[in-house]
Amino acid sequence: MAMVSTAFSLPTLSPPKLRRVNRNGYWNRYYSGVAYASVSKEAVGVRVTEGEGNLPKVVLTSAGGSEADVYLFGGCVTSWKVANGKDLLFVRPDAVFNKKKPISGGLPHCFPQFGPGLIQQHGFARNVDWSIVDSENVEGNPVITLLLKDGPYSRSMWDFSFQALYKVILTTKSLSTELTITNTDNKPFSFSTALHTYFRASVTGASVRGLKGCKTLSKDPDPKNPLEGKEERDLVTFPGFVDCVYLNAPNELRLDNGLGDTISIRNTNWTDAVLWNPYLQMEACYKDFVCVENAQIGNVQLGPEQSWTATQHLSID
């Protein structure tokens with residue numbers, strides 16, 4: 001299997017065991033692991049419970065007292081509480097948990113399309129159920145691995161066989177994710193993707209460091225005709241409506257959330273970054289969050305059997 005290389009290693013663990021079966025003349029993969037909405041008894045700090053709207057969610061609890069919530073609907077991390085109980089992620093007050101629309105907040109997936117395009121906005125991965133395929137605990141750090149595969153719903157708009165594995169690792173001071181997309185079809189496909197991360201923040205005090213010198217595509221004032229430019233600021237702030245893509249962004253950004261926390265956002269293979277705050281378009285909550293997103297804006301091309309992997313590592317000082 002061909003794999004796109006990454007620049008450095010995050011605290012990820014070995015993948016679930018892989019078996020292959022020949023079905024109707026095509027090679028198919030499936031992962032041997034725990035069933036949907038169940039976890040390994042040995043995975044201390046990993047439990048499945050009922051979340052908002054009676055939706056199943058996985059609660060990860062580290063030996064150091066941090067906690068994270070991961071909903072199977074959308075494969076969405078909605079909460080990351082550090083040991084003092086402060087939640088560094090944000091879920092919008094208009095978020096619904098009824099499967100009628102994606103969960104608005106946390107770390108939603110954009111796949112196989114970022115933004116508008118030939119299929120629905122931000123693709124379908126954020127509004128379908130993922131399944132649990134592995135859970136473990138290493139030195140007090142809980143880990144869960146989720147799986148998404150193609151089905152009639154995805155094929156109705158994007159007619160390809162694929163497999164997405166999403167690993168979430170919690171430590172005392174960090175939350176790491178690893179996304180692997182594999183082409184399980186007999187023909188090539190392309191995709192774009194992002195993690196639409198919502199951070200709890202005071203928008204008037206929030207700033208992002210590390211983007212100076214990047215080429216920018218700003219959707220203000222006209223989302224359909226982004227303005228090209230270059231970031232000249234050491235600290236990028238959110239003075240009003242912000243919707244800007246930063247191409248070829250560095251593999252580490254630092255977010256001051258304006259609430260007393262500095263969050264390091266490191267990544268491998270997420271080539272771009274996006275900053276977003278809706279300002280008065282969401283008057284009820286825009287003051288309470290900023291989005292700093294790791295993204296792959298340009299299309300990734302994968303032939304049969306090829307995979308692409310990207311990691312995100314969020315940590316506090």
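Of the 317 residues in the chain, 54% come out as buried (under 20% relative accessible area with a 1.4 Å probe, counting protein chains only). The model is a predicted one, so to speak of local features takes a pLDDT of at least 70 and side-chain atom pairs count only at pLDDT 80 or more, while totals for chains, interfaces and linings use all residues. Residues are numbered from 1 along each chain as its sequence is written, and side-chain values use heavy atoms, with hydrogens and water left out.

As for the make-up of the fold, the chain has one helix and 23 strands (DSSP runs numbered from the N terminus, H or I of at least four residues for helices and E of at least two for strands). Among contacts with a separation of 6 or more, 64% join residues 24 or more positions apart; a contact here is heavy atoms within 4.5 Å.

Strand 8 (residues 131–138) runs antiparallel to strand 9 (residues 141–149), with seven bridges in the pairing (at least two DSSP bridges are needed for strands to pair). Glu136 sits opposite Val143 of strand 9. Two residues separate the two strands, and Glu139, in the turn, has a positive phi of about 55°.

Then there is the largest pocket, lined by 20 residues, with Gln121, His122, Arg126, His196 and Trp276 nearest its centre. A pocket is an open set of points on a 1 Å grid over the protein atoms alone, where a 1.4 Å probe fits, with protein on both sides within 12 Å along at least five of seven lines; lining residues have an atom within 4 Å of a point.

Technical notes:
Buried < 20%, exposed > 50% of the residue type's maximum accessible area, 1.4 Å probe, protein only.
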